[in-house]
Amino acid sequence: MAIITVVGAGMMGSAITFPAAHNGNTIRLVGTPLDRKIIEHGQKTGEHLTLCHDVNGVKTSFKVPAGITFHYYEELDALLADTDLLLCGVSSFGLDFFCENVIPKIPEKVPVLSITKGMIDDGEGKGNLISYPEHMLKFTDKKLKINAVGGPCTSYELADLDPTTVTFCGPDIELLRWIKSLFETDYYHVSLSTDIRGVECAVALKNAYALGVSLAIGLSYRREGRVFEHYNSQAALFGQAAKEMYLLLDLCEGTAARNIFLGVGDLYVTVFGGRTRKIGTLLGEGKKFDEAMEILKGVTLESIVIARRTADAVLQMVEAGRANAADFPLLLHIRELLADNADVNVPWAKFETEFEG
């Protein structure tokens, strides 16, 4: 059994503690300064304020399993003293906070497991995208072992104990096996990989492309005048998304052949059950980006961050002669929607290909 401290009491940072708690581990859920209401509510009720499931249209908060306790950020220093594993549970929007305030506090002996999905420009201006674990290491001189989680998994369904498979990635396979032993259950199945950039970039890309696939949902609603989905258009966008994700993984040196299935699986679950579906649907219905964001005020949308970063990186790579803009018509249209407040005009004809042989 281990003592696991989680920084970030949002939905996935909290949901991933469920299998670890069911395995008998001790979990301390530490809120960031933005999570104070979650921590206060949890201490009073034993329920999570924002991690909810829908029962016949009624949102019901999850009662956390035994072994999980709620703590304010000010307690973190004391909690780190006997921590066996630290989890980074913040969203992409909280990455700077974690890197600047938490990374320097972590003892070298304490391994890190990050559930924050994303990738970021390496800062050299050439469109090079790296994983969050690689980025985190820039904030310390310690030899920290930073691992991460990738794979198709939504927070509320994990808390509902719906079976899923994920991948833990990191630099040390033996350490990964130990971390796996803390979390794996009959509903949470864990594969392992030492290809950190490949795993993390694969599952980050799905955020951008789930928005693109979800455009078809909104377009169907607009055309039909009712809640009615057409799947031909969704499948066409899904296929184009998978194609562009594969090419991008190669450009990121992420071993596309080995990791594309992680991104595609995560793309599927995000289109059908993730928050990104909402923004894509609203854009497809005819809302401008600014209007859609106002409607979804308060909803964490990491897809926006990833889409912008990825599209900007591709344009830098095109300028440097490392990529061809014609290979990424869907991503570049998504960029038009976000950066230019443009109307949805899916470039269907640009998805067409010819192949001989």
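User: How many residues does helix H10 have, and what span is expected for them at 1.5 Å a residue?

Analyst: Happy to start there. In this predicted model, helix H10 (residues 231-251) has 21 residues. The expected span is 1.5 Å times one less than the number of residues, which gives 30 Å for H10. From the first C-alpha to the last, H10 reaches 30 Å, close to that expectation.

User: Which residues of H10 are buried, and what do they pack against?

Analyst: The buried residues are Ser233, Gln234, Leu237, Gln240, Ala241, Ala242, Glu244, Met245, Leu248 and Leu249. They pack against H9, H11, H14 and helix H15 (329-339). Just after H10 comes glutamate 253, with a positive phi of about 60 degrees.

User: Why is serine 303 called buried?

Analyst: Buried means under 20% relative accessible area. Serine 303 has 0% relative accessibility, so it counts as buried. Its place is in helix H14 (residues 302-319). Leaving aside neighbours within four places in sequence, serine 303 is in contact with Asn207, Ala208, Leu211, Thr276 and Ile279.

User: What makes the pair of tryptophan 348 and phenylalanine 351 edge-to-face?

Analyst: Two values decide it. Ring centres must lie within 6.5 Å to pair, and planes over 60 degrees apart count as edge-to-face. For tryptophan 348 and phenylalanine 351 the centres are 5.8 Å apart and the planes stand at 75 degrees, an edge-to-face pair. A search of the whole structure finds six aromatic pairs. Elsewhere, Phe168, Phe183 and Tyr188 form one aromatic cluster.

User: Is tryptophan 348 buried or partly exposed, and why is phenylalanine 351 classed as it is?

Analyst: The cut-offs are under 20% for buried and over 50% for exposed, with partly exposed in between. Tryptophan 348 has 36% relative accessibility, so it counts as partly exposed. Phenylalanine 351 has 14%, and therefore counts as buried.

User: How do you know that H9 and H11 pack together, and which residues meet?

Analyst: Helix H9 (residues 196-224) and helix H11 (residues 256-273) have axes 7 Å apart, at an angle of about 40 degrees. H9 passes H11 in a right-handed crossing. On the H9 side, the residues that meet H11 include Gly198, Val199, Ala202, Lys206 and Tyr209. Their partners in H11 include Asn259, Leu262, Gly263, Asp266 and Thr270. By class, the contact has ten nonpolar, five polar and two charged residues.

How values were computed. Residues are numbered from 1 along each chain as its sequence is written. This is a predicted model: local features need pLDDT of at least 70, side-chain atom pairs count only at pLDDT 80 or more; totals for chains, interfaces and linings use all residues. Side-chain values use heavy atoms; hydrogens and water are left out. Axes are lines fitted to C-alpha atoms, for helices over the stretch in contact, and angles run from 0 to 180 degrees between N-to-C directions. Helices (H or I, at least four residues) and strands (E, at least two) are DSSP runs, numbered from the N terminus. A crossing is left-handed if the near helix is turned anticlockwise from the far one by less than a right angle, and right-handed if clockwise. Contact means heavy atoms within 4.5 Å. Ala, Val, Leu, Ile, Met, Phe, Trp, Tyr, Cys and Pro count as nonpolar, Asp, Glu, Lys and Arg as charged, and the others, Gly among them, as polar. Buried means under 20% relative accessible area, exposed over 50%, partly exposed in between (1.4 Å probe, protein chains only). Rings of Phe, Tyr and Trp (its six-membered ring) pair if their centres lie within 6.5 Å; planes under 30 degrees apart count as stacked, over 60 as edge-to-face and the rest as tilted.
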